[in-house]
Structure formats: C-alpha cells, structure tokens
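Please have the sequence and the coordinates open while reading.

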Amino acid sequence: MVTNKVITKLNSLLIKRFGIPKRKKSNPLNLLIATILSQNTNDKNSYQAYKNLKANYSDWKLLISEDIKKIEQTIKIAGLGKQKSRTIKSLLSELNRKYGKVSLDFLKSYSNEKIIDELTSIKGIGVKTVSCVLLFSLNRNVCPVDTHVHRTLNRIGIVRTNSPVKTFYLINENLPKGIAHSFHTNMIRLGREYCKSRNPICNKCPILKMCEFENKNNIAVKIKENDFMLLDNI
Ligand code: SF4
C-alpha cells in the first residue's frame, strides 16, 4: 500500500527543489479540450493547436457542425488530428444532445468517480484526461498520472505497476490533502528533467537518497529546466 507518509516526504523534497508551482483555475471544457489535444505530443505543440482552435471558433458549439477535415487541419500541429478531432466533436455533440448545452459546469456537483465514469464513456477520453479536469479545473485533490509520473514513481519504488492507470488508482488512494497540484506538477518536472526515460540523471536528482531504482546511474550532464506546463496556461 502507498503510504501517506512516503508521499509527504517525496512531496517535501520536490518542493525544496522546484518550489510550489503557481496555479490558475480554468474552465473545465477548455481544459478538457486542451488535454485531448495534448495526448501524445509536447506541451508547446498542443498549446499552439489549442490557440488555433480558439482563434478559429469563437464558440465550441460551432465545432459540432464543422467539417471534420477542417478541424483536423486546424489542430494538425498537435498530431493525431483525425483521432483528436473526432473525440472533440463526439464530446461536444454528446454534451449538446444530453444536456442541451455545450458546457461541463454540471460536473461541479458530481463525485470524482461519477465524473470519471461520465467522461470516459466518450471514445478517446481516458482516465488520465479526466483526472486533469478534476485537478486543474475542479480543484479536486487528484494527481493525474502520465508517462513521466508513472515511470518515476515506479523507479522510486513507491508503486510497482505496469500501467499509468494502475499507478493512478494506487497513488490517489492515500494522497495527503491539498497536495495534488504541487505533487503532480513537480513529479512531471522530475520526470522530464532528471528521471528521463533513457538516461536518468541520478547523481543530481533531488530524491536520490529515497529512490530505490536498482539501476541508479552516475551520468553527469547539465540539467535543462522545463517548466512550461500546458494545463497551467489554459
Ligand atoms: S534517482 Fe534516478 S531513478 Fe531515482 S528518481 Fe532520481 S533520476 Fe529517477
């Protein structure tokens, strides 16, 4: 079981290194669309795709009747245009059909579990995407788990899982109150800047002492700071 104590310790070390990240509250539908665009690409390209959509469509509702090829073209820079444009269109059409308006404001009164069930019923929307809405727009104490967070938590030895979804449920079972935004954001920075997939920079890692990764290495390279976070800019 992942203990509250070990996450608290890790969170403190992360804050010591990266500080407490700034946060901005965003509209849940904007955030969900931005998160769909961010799947399998970097923050810079998905942010540009989001800005392209916003510049071309003053109201998300306009996308329901838009030609799918045009949407694909508009978000091309984020990759997987066909898949992402279909998901966005299905989401908006489903909201309009079910609730008579294109908005996610109704989620505010729902439990986390109900929100996950409701939104993952739409093809192309998974648990990770919904958890970003829970954290960044609805201010729930939920830590989304992407590939960086999954890899790093497994290397540290806090979880032993073979998928980000399993890591998500384990880490959120006992997440200390009020830490989700800072913990999630700093874990992503740890994964991007130190605990890289191929060559982790263990000798400079701020959590070297508590990490149980058996292949801790000693590569001495310059750390490149990477603190632009898409979802904090929507
Ligand atoms: S010590 Fe190495 S393996 Fe462990 S978290 Fe840091 S970079 Fe990753």
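How many nonpolar, polar and charged residues are in the shell around the ligand? The shell has 10 nonpolar residues, no polar ones and 1 charged residue; Ala, Val, Leu, Ile, Met, Phe, Trp, Tyr, Cys and Pro count as nonpolar, Asp, Glu, Lys and Arg as charged, and the others, Gly among them, as polar. This is a predicted model, in which local features need pLDDT of at least 70 and side-chain atom pairs count only at pLDDT 80 or more, while totals for chains, interfaces and linings use all residues. Residues are numbered from 1 along each chain as its sequence is written, and side-chain values use heavy atoms, with hydrogens and water left out.

The residues around the ligand are R155, I156, Y194, C195, P200, C202, C205, I207, L208, C211 and F213, where a residue counts if one of its heavy atoms lies within 4 Å of the molecule. The ligand takes up the space of the largest cavity, and a molecule sits in a cavity or pocket if more than half of its atoms lie within 2 Å of its grid points.

Rolling a probe the size of a water molecule over the atoms shows where empty space is left. On a 1 Å grid over the protein atoms alone, a cavity is a set of points where a 1.4 Å probe fits but cannot get out; a pocket is an open set with protein on both sides within 12 Å along at least five of seven lines; lining residues have an atom within 4 Å of a point. Points are joined across faces, edges and corners, and a volume is the space filled by probe spheres set on them.

The whole structure has 1 cavity of 30 Å³ or more. Of the 15 residues that line the largest cavity, C195, P200, C202, C205 and C211 are the closest to its centre. The largest cavity holds about 100 Å³ of space, and its lining divides into 12 nonpolar, 1 polar and 2 charged residues. Helix 8 (residues 147-156) gives the most to this lining, with 3 residues; helices are DSSP runs (H or I, at least four residues) numbered from the N terminus.

The largest pocket has a volume of about 480 Å³. Among its 24 lining residues, S38, T41, D43, K128 and D146 lie nearest its centre. The lining comprises 6 nonpolar, 13 polar and 5 charged residues.

How values were computed: Helices (H or I, at least four residues) and strands (E, at least two) are DSSP runs, numbered from the N terminus.
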